[in-house]
Amino acid sequence: MFEFEIQSRDGLARTATFATPHGTVQTPMFMPVGTQGSVKGISAQELTEIKSQMILGNTYHLMLRPGAEMVAAHGGLPGFTGYPGPFLTDSGGFQVMSLGHMRKISEHGVVFKSHLDGSLVELTPERSVEVQQGLGADVIMAFDECPPFPAEVPYIRSSLERTVRWLERCLKAKTRDDQALFAIVQGGIHPDLRQQSLDATVPFQTPGFAIGGLAVGESKDEMFPAVAYTARGLPENKPRYLMGVGHPEDLVAGIALGVDMFDCVYPTRTGRFGYALTDDGRLNMNSAAPRQQLTPIDPDCDCYACTHHTRAYLAHLVKAEEMLAPRLLSLHNLRYLHRLVERARAAIQAGEYQAWASQWGERYFRTQATAQAWAGPLPGWFARAVRGED
């Protein structure tokens, strides 16, 4: 279990297989987010059909409702949700930041006010592991603090040091051998703090490592040097997970820097707002133009929405506020990201990743030129990442 075997390399990018109790996945991969045990609007059967490999659940939300005990009574998340493949659970650490006005942090853990009823809820490293063991995910995350952006350097330093102490407590609390606990590297956008976190975290030699504390408000120019620096300091023979990142351009850039796993609510959230992801950027299905177009969202896409419906029909559903619209757009957006990483894997295997990524980027960013600060044919942060540079 949890063997990570690299299959091919091209620069810093690599393809690999990662074995889990509920199946072996291929990386790089994108994980749909099922925060409360459901990827919004998408059934377990549909997730399988669009070739989702691993689903993410959230400890904080599932702990509050329906409770880890109820999930455990179903044999864990696969039995509870009906999705038979692997799961990864976030530790609840992100809520340390996102519920900032509703929580208090101490060395012992975090006390939240429940967003459901306002009652006080305590989440400690030990409790986080206990809940995640009840949820039965294949990969569980160490309880950490994700600092907001911007944050003062002394705060980020004390936070990452506490995160390391919490990691040690998580490892002591873990009792199940059929779950892989990933440590999380913090440090914001500061190389020296990233290095401090790497130096303290990597020696624990957990089965995988996550790059945390990014995509929380910083610019791409600030984020991707931190991704590059952190990925370079992580072990070659372990999966690297960039937490909460999932815009198409972020996947292409992150893969070039050696990242293996991604997750984000972006594809389903943007689908609910009436947008479809394509190689030409986001297609606004709320606008007038798609209502007259008799072509699919993407003629190369094999999702149900693209193989059965025109843009005109889908735009009609959006305009009519039919509940089918966000479902079909979310389904397409998830399949788009899965196809994107499938194409990335093929390019790495062919030894053509940099050329493929650059060509993809030139098409993708072309339609967004007026909104970008251009320093050439590609945004600087993206071009540097594709070349494997900070």
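A charge is said to sit over a ring if NZ of Lys or CZ of Arg is within 6 Å of the ring centre and within 35 degrees of the ring normal. The model is predicted, so local features need pLDDT of at least 70 and side-chain atom pairs count only at pLDDT 80 or more, while totals for chains, interfaces and linings use all residues. Residues are numbered from 1 along each chain as its sequence is written, and side-chain values use heavy atoms, with hydrogens and water left out.

**Exercise 1.** Find which ring lies under the charged end of Arg-282, and state the distance.

*Solution.* The charged end of Arg-282 sits over the ring of Tyr-275, and the distance to the ring centre is 4.0 Å. Another such case is Arg-162, whose charged end lies over the ring of Trp-166 at 6.0 Å from its centre.

**Exercise 2.** Classify the ring pair of Phe-224 and Trp-381, and then that of Tyr-364 and Phe-365.

*Solution.* Begin with the rule: rings of Phe, Tyr and Trp (its six-membered ring) pair if their centres lie within 6.5 Å, and planes under 30 degrees apart count as stacked, over 60 as edge-to-face and the rest as tilted. By this rule there are 14 aromatic pairs. For Phe-224 and Trp-381 the centres are 4.9 Å apart and the planes make 20°, a stacked pair. Because Phe-224 belongs to helix α9 (residues 220-233) and Trp-381 to helix α16 (residues 380-386), this pair ties together parts that are 157 residues apart in sequence; helices here are DSSP runs (H or I, at least four residues), numbered from the N terminus. Both Phe-224 and Trp-381 are buried, where buried means under 20% relative accessible area, with exposed over 50% and partly exposed in between (1.4 Å probe, protein chains only).

Next, the ring centres of Tyr-364 and Phe-365 are 5.3 Å apart with their planes at 85°, so this pair is edge-to-face. Tyr-364 and Phe-365 are buried too. Finally, Phe-224, Trp-360, Tyr-364, Phe-365, Trp-381 and Phe-382 form one aromatic cluster.

Terms used:
Helices (H or I, at least four residues) and strands (E, at least two) are DSSP runs, numbered from the N terminus.
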